Amino acid sequence: LTGGWKYAQQKITCEIIPPPKVKYIHVSSGYFNSYLLRDDGKVDMIKGAGKVKLTIAQPRSTRYIQIVAGHLWTCLLRDDGIIEWTKGGGEINKSTTACIDNGVTYTMITSSSAESESQQLYALRSDGSADKFVCTSRLSVFKLVGKVKCANTTDTDVKYVSGSTCPHATYLVRSDGAIDKIRM
């Protein structure tokens, strides 16, 4: 092989089997814990060898639809557009985050690197824009610090549809196929 690169086949170190009659549909790896989203709307928290430490049940009449595990926090998006937060042990913080604008809900939250200490994320809104949240480190409470709309377009039908956040930038994918980059 040239350039000193050697490719080795990776070995699976464990297999995590969902409970009976349940499938895992999404996973987010965190620094201390990882979270597995189940098709019944519940979330299994695992650590180390892949054993389920606990199951986070969704609030009545809602389901979790997305998880983003961060360095010290994890947020869970519910199908009613509300974000819930947990720090470490899987216990849901008493405060939840709903969009402050009437009739607008959160539809997706940006993914983040598990090693990232940026502790920020963008919540995509049903009106097509995105809200930026930053963790106030002492209390591990996320605070809304700004809003961003799709750049360089006059088409009101263009909306943010997905995104990813890292320590240096956030990339937001637009429905017209373009990507808006936001430097940290």
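In the hairpin of β2 and β3, with 4 residues between the strands, Gly41 adopts a positive phi near 90 degrees. Strands here, like helices, are DSSP runs numbered from the N terminus (strands E, at least two residues; helices H or I, at least four). The model is predicted, so local features need pLDDT of at least 70 and side-chain atom pairs count only at pLDDT 80 or more, while totals for chains, interfaces and linings use all residues. Residues are numbered from 1 along each chain as its sequence is written, and side-chain values use heavy atoms, with hydrogens and water left out.

Two strands count as paired if DSSP finds at least two bridges between them.

Strand β2 (residues 34–38) runs antiparallel to strand β3 (residues 43–47), and 4 bridges join them. Tyr35 has Met45 of β3 as its bridge partner. Leu37 is partnered by Val43, also in β3. On the β4 side, β3 pairs in the antiparallel sense over 5 bridges. There, Val43 has Ile56 of β4 as its bridge partner. The hairpin of β3 and β4 has 3 residues between the strands, and Gly48 takes a positive phi near 65 degrees in it. Strand β3 is largely enclosed by the rest of the structure, because 4 of its 5 residues are buried. Buried means under 20% relative accessible area, exposed over 50%, and partly exposed in between (1.4 Å probe, protein chains only). In a regular strand, side chains alternate between the two faces of the sheet.

Aromatic contacts were examined next. A pair of aromatic rings is described by the distance of the centres and the angle of the planes. Rings of Phe, Tyr and Trp (its six-membered ring) pair if their centres lie within 6.5 Å; planes under 30 degrees apart are stacked, over 60 edge-to-face, and the rest tilted. The whole structure holds 2 aromatic pairs. In one of them, the ring centres of Tyr106 and Phe133 lie 6.0 Å apart with planes at 75 degrees, so the pair is edge-to-face. Tyr106 is in strand β9 (residues 106–109) and Phe133 in strand β12 (residues 130–136), so the pair ties together parts 27 residues apart in sequence. Tyr106 is buried, at 3% relative accessible area. Phe133 is buried too, at 2% relative accessibility. Ring pairs join Trp85, Tyr106 and Phe133 into a cluster.

Charged contacts form a further set. Side chains of opposite charge can pair when their charged atoms come close. A salt bridge is defined as a side-chain nitrogen of Lys or Arg within 4 Å of a carboxyl oxygen of Asp or Glu. The count comes to 10 salt bridges. One of them links Asp80 to Arg78 (2.7 Å, N to O). Asp80 is partly exposed, at 28% relative accessibility, whereas Arg78 is buried, at 9%. Another salt bridge joins Asp180 and Arg174 at 3.0 Å, N to O. Asp180 is buried, with a relative accessible area of 10%. Arg174 is buried as well, at 8%.

Asp101 and Lys147 also form a salt bridge, their closest N and O atoms being 3.9 Å apart. Asp101 sits in the loop between β8 (92–97) and β9, and Lys147 in strand β13 (residues 141–148), so the pair ties together parts 46 residues apart in sequence. Asp101 is partly exposed, at 30% relative accessible area. Lys147 is partly exposed, at 43%. Both belong to a network of salt bridges that links Asp101, Arg125, Asp127, Asp131 and Lys147.

At the surface, Tyr31, Phe32 and Leu72 form a nonpolar patch with about 300 Å² of accessible area together. Patches comprise residues with over 30% relative accessible area and no salt bridge; like charges are joined within 9 Å, and nonpolar side chains (Val, Leu, Ile, Met, Phe, Trp, Tyr) within 5 Å. Accessible areas come from the Shrake-Rupley method with a 1.4 Å probe, and for residues only the protein chains shown count as cover. Leu72 lies in the loop between β5 (64–69) and β6 (74–78). Leu72 is partly exposed, at 34% relative accessibility.
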